[in-house]
Amino acid sequence: MFSARTIYGEIFDDDEAFRLFCSIAASGEAQGGWENGRIAALVPGSQAHLAPKIARHGADEDKHGRIFTALLRKRGLTPVRVPADTDYTMRLEAAGIGLAHARLRGGEELTDRDIVTYLAHSRVTEQRASEQMQALRRYAGDRPDIARAVRVISADEDNHLAYCHEELLRLAAAGHARYIRRTLRAAALSEIAIYRDVSTAVMAHLGQILDWPRPKTAVLAAGIQAAYAYERLGGWRRMVSLRMPARRNALGGPAPRSAYA
């Protein structure tokens, strides 16, 4: 029987699989950096105090993209084109989760409700990112370069999640509670389906590269479906709860220095 650790081990050990894995991750992080950068530039005056935090969020995402690219470069590899069915960020945008890219490309100032929408979307996706990085920290522990990179990204994702909790609680107290609850629920239910589909696509592409036998691919696909069933039955609720984080103002102040920055 194979485990998550052995699956990740196969991906990390094979150049082409690792190349696709890092390319998908780098592309998603770069897209997140662009989105946050545009939102920071369009923040309404009523939420001006958020602009540097949103910009910091975007800078962190850009840094993460560079980290994944650096991991490829250390192995003499270059990024590959990301298959459309594995593009988590673009599939979220296509499903109407968060702010439309057409809106962000324009120069019109955002509204308070737009900022609530952005933060609710981020609270859901940063929950996913935080959990993914925690898993990678467990499975990459014996690979120093990967483990060090993942620790940096994981700490940032935890900060992003804390920031979303704190700012959404502030906005809920300011009268946006009903809209926040509704938006969080819609975003979470859409995200879990998109994550299932993207995970299935990623595993299919990696399985083709690694020449996994059909029974192995079927077991992995069944595992993804089982995880989705759990989330659909109630696991999604962890993505919509709000609590004041232990670390306040997580994105306040200058970004910490990093060897990967």
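Lys216 is in contact (heavy atoms within 4.5 Å) with Phe2, Ile7 and Glu10, leaving aside its neighbours within four places in sequence. This is a predicted model: local features need pLDDT of at least 70, side-chain atom pairs count only at pLDDT 80 or more, and totals for chains, interfaces and linings use all residues. Residues are numbered from 1 along each chain as its sequence is written, and side-chain values use heavy atoms, with hydrogens and water left out.

Lys216 sits in helix H8, residues 214–233. Helices are DSSP runs (H or I, at least four residues), numbered from the N terminus. Lys216 has a relative accessible area of 13%, so it counts as buried. Buried means under 20% relative accessible area, exposed over 50%, and partly exposed in between (1.4 Å probe, protein chains only).

Turn to helix H1, residues 4–13. Its buried residues are Ile7, Gly9, Ile11 and Phe12. They pack against H2, helix H6 (112–139), helix H7 (144–210) and H8. Thr6 also lies in H1. Thr6 is partly exposed because its relative accessibility is 38%. Thr6 and Tyr139 are 133 residues apart in sequence, yet 8.6 Å apart in space, C-alpha to C-alpha.

Helix H2 spans residues 15–41 and holds Glu29. Glu29 is buried but has no salt bridge. A salt bridge needs a side-chain nitrogen of Lys or Arg within 4 Å of a carboxyl oxygen of Asp or Glu. The nearest side chain of opposite charge is Lys63, 10.0 Å away. Lys and Arg count as positive, Asp and Glu as negative; His and the chain ends are not counted. Leaving aside neighbours within four places in sequence, Glu29 is in contact with Glu61, Asp62, His64, Gly65, Phe68 and Glu157.

Terms used:
Helices (H or I, at least four residues) and strands (E, at least two) are DSSP runs, numbered from the N terminus.
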